[in-house]
Amino acid sequence: MKDGGQRRRWEYWWIALCLSFLLGFKQPVSAQIRYSIPEEVKDGYLVGNIAKDLGLDIGSLGHRRFRIVSGSKDSLFQVNQNNGFLYVHKKIDREEICDGNAACLLNLKIAVENPLEVHYVEVEITDVNDHSPSFPEKELQIEIAENTIKGTRFDLPTARDLDVGINSIRSYRLAQNDHFDIEIRDGEYGDKSPFLLLQNPLDRESQEKHVLTLTAIDGGNPPKSGTLNITVTVLDVNDNPPICNRDTYTITLNENASPGVTVTFVNATDPDEGVNGDVEYTYGRNVQRKVHDIFELDRVTGEIRVKGQIDFEDHDIYSLNIKASDKGRPPMNTDCRVIIKIIDVNDNEPEIEVTSLSNIISEDAKPGTVISLISITDKDSGINGKVVVSLSGDVPFELKPYIQQNMYSLVTKESLDREVASHYDITITATDLGGPALSASKPLNIEVSDVNDNAPQFPSSPLEVYLYENNRPGESILSVSATDKDKNENAIVAYHIMRGDPTQGDMASFLNINSETGVISALKSFDFEIVKKFQFHVLATDSGSPSLSSNVTVNVFILDQNDNVPVILYPVSANGSAEGVEEIPRNVNAGHLVTKVRAYDADIGYNGWLLFSLQEVSEHSLFGLDRYTGQIRTLRSFTETDEAQHKLVILVKDNGNVSLSATATVIVKVVEPKEAFAASDVKNAVKDEEENHVTFYLILTLGSVSVLFLISIIVLIVMQCSKSTDCSSKYLQEANYDGTLCHSIQYRSGDKRYMLVGPRMSIGSTIVPGSNGNTLVIPDRRSRRDSGEVRAL
């Protein structure tokens, strides 16, 4: 049930909505509705559906924290966040809450969040006829002189009914009698005061006492009533009542006047003499109890003095009914009315009420974002109740007037940056315009929450790493670190290696990085002879949402070590050992080239620079060795006494700090010239035949290598597609091959064909014992004769 009906409620709603539109869209929405309920309803009584009447989405009430934030008598009501209904929380006694006021209105402030909206609900408590009229006393004694003229009125105590409106006292009824009637007069506070009206003169000798019954009846349905027994005693004459020199005394008095201060004097005179003219002053029967506590009346002089505390905010006007009575028999009296108007004094400081969703605001909040609603109240009136509000300090916030008077919204004035200032202590000061002015302040702490607006930063870019070859797989080679100015999750940095295509020479697939510490380890041992330098990129990503990232380029330089033993290319015998047989005619001259020892070292620079020396020779005077080229030449001509066979052991070593070496054995057979020429012809024939087979097998070998290379690329692509980037860096096994064929040299020794493929072998090759893992055996279908001739391709 709503007061004023559906139409009035919609009118309130449209007025509030228009005001919100005119004052700007950045202000939280506000609306006001009104309900009406009777008093004495039970707990759980439904007042109305606030969410529906305000047009709110019922499904979002719980998420938006739909609640009552303030208002008079908050505990009397409660709201249901699931459906928006307003219920009575406990039994409501209108007379207790509103203390007899004609209109009993309870103001509630309803708040919802996201966005912030404040709505005002006014609940009117209507009266129920739950109290019967009652008189302050059950028996009343009245003395009336016998010469009292017809039409004289005698004031009677007013019956009190705690109900209001139609349920309050509507009439008085006097029991049937011959001399008296009842007259009703409207009182100062809207009540009805009864008077006993003398209709016919009294005769004490005929009837000394008159017993009357006065009944007060309220306007309820059914009506309730209360009675007063009146006993009228007829006295002998005192025919002049006291007369006040003024009908009404109107006095002004400052609030907080000190006790004992004289307010005014009430003066009444009686033309009678003696005790009949002796006047004394008392409060009338209808004077409120509070008047007795605040003002003191001198019965003899009629002086009214301040007795208690006077507060303008409690009552701004007092109406005193002073009865001036003489001491005659019977006494006569008259009423003197005193009106005391209280003048406001600036004695109340402003009160500040802060309604905040939270004291935390995001640093990316736009200027004009509402943080809190500030309500300022001052109990004083007039200029003393006018308040000016300000913020202390140089802060990026400001106060803007809200829809209702003395309400402000605290909004952001400019952009915030948590990395510059993460906390603000502000003070809201409210000062009234009274004299002297009074002020109040309220501190407010505002925290700026972090937003992921800073990407991780590396201290320098690019980074350079120098790494010796033959490193141990799994050992760390570098640690990277990036810092993030944000905090909490936004500052947690994870590291990843940016992967490329390993078939294109990307070495990142052979690296692993700890995503938390940034420690980078190599999954394989690098070989300077294969890779001298490579480059990869490390990506640092924070944990914000959305995340931000940056990358750094890392240049890795592989440093050479002397880790490759010289390999004898020639001579190589049929069983793969570095041993060969050379036949030369006995008639050769000095300086004849017997043979040339060929060797290879996969190292670079000084580590790969080879020197040749004769370690063992049967005849030092016959043969000489060039230490740089490995050529063996005769030093003199052969004589008849020289042996027919000579053994030469050649030492080949590199120039590393710790040099590595290999040996080759050459058997030189000295033959007669005819045999030498025959052997030479056979060699030339075999040479032509072998050239054809070498060409065939070279084409076959290159084709096989190309096919294997393409298969490896396809396998790697499939593996990369089937694994996530993060997991591959941690669990990537060492690749099955280390690169393409390099320094490829083919040669023949005896009936075997060999191919030198550099520092590593390719897939599917056979390792020849004693060849240091660098020589591949090429199968031959036909048997060959021993040969020391070498073909370099």
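Reply: Asn114 sits in the loop that joins strand 6 (105–112) to strand 7 (117–126); strands here are DSSP runs of E with at least two residues, numbered from the N terminus. The phi angle of Asn114 is near 55°, a positive value in a residue other than glycine. A word on the ground rules: this is a predicted model, in which local features need pLDDT of at least 70 and side-chain atom pairs count only at pLDDT 80 or more, while totals for chains, interfaces and linings use all residues. Residues are numbered from 1 along each chain as its sequence is written, and side-chain values use heavy atoms, with hydrogens and water left out.

Asn470 also has a positive phi in a residue other than glycine, near 65°. Its place is the loop between strand 32 (463–468) and strand 33 (476–479). Asn470 is partly exposed, with a relative accessible area of 32%; the scale calls a residue buried under 20%, exposed over 50% and partly exposed in between, using a 1.4 Å probe and protein chains only.

Two other loops hold cis peptide bonds. One runs from Ser545 to Pro546, with omega near -5°, and Pro546 belongs to the loop between strand 37 (533–542) and strand 38 (549–559). The other runs from Tyr570 to Pro571, with omega near 10°; Pro571 is in the loop between strand 39 (567–570) and strand 40 (579–585).

Now for two buried strand residues. Thr634, in strand 45 (residues 631–634), is buried, as its relative accessible area is 3%. Leaving aside neighbours within four places in sequence, Thr634 is in contact (heavy atoms within 4.5 Å) with residues including Ile584, Val588, His592, Leu622 and Phe623. Tyr424 lies in strand 30 (residues 423–432) and counts as buried at 14% relative accessibility. Beyond its neighbours within four places in sequence, Tyr424 touches Val395, Pro396, Phe397 and Asn445, among others. The C-alpha atoms of Tyr424 and Asn445 are separated by 5.9 Å, although the two are 21 residues apart along the chain.

Three strands form an open sheet in the order 17-21-20, with antiparallel pairing; two strands pair if DSSP finds at least two bridges between them. Its edges are strand 17 (262–265) and strand 20 (295–297), each pairing on one side only. Neighbouring strands are turned by 20° against each other on average, direction ignored, where axes are lines fitted to C-alpha atoms and angles run from 0 to 180 degrees between N-to-C directions. Strand 17 and strand 21 (residues 303–306) are joined over three bridges, and Thr264 stands opposite Ile304 in strand 21.

Finally, the largest pocket. A pocket is an open set of points on a 1 Å grid over the protein atoms alone, where a 1.4 Å probe fits, with protein on both sides within 12 Å along at least five of seven lines; lining residues have an atom within 4 Å of a point. The largest pocket holds about 1500 Å³ of space, the volume being the space filled by probe spheres set on the points. Its lining has 49 residues, with Asp155, Phe195, Asn333, Thr334 and Asp335 nearest its centre. Among the elements giving two or more residues to this lining are strand 9 (153–155), strand 12 (192–198) and strand 23 (333–343). By class, the lining has 18 nonpolar, 16 polar and 15 charged residues; Ala, Val, Leu, Ile, Met, Phe, Trp, Tyr, Cys and Pro count as nonpolar, Asp, Glu, Lys and Arg as charged, and the others, Gly among them, as polar.

Conventions. Helix = DSSP H or I, 4+ residues; strand = E, 2+ residues; numbered from the N terminus.
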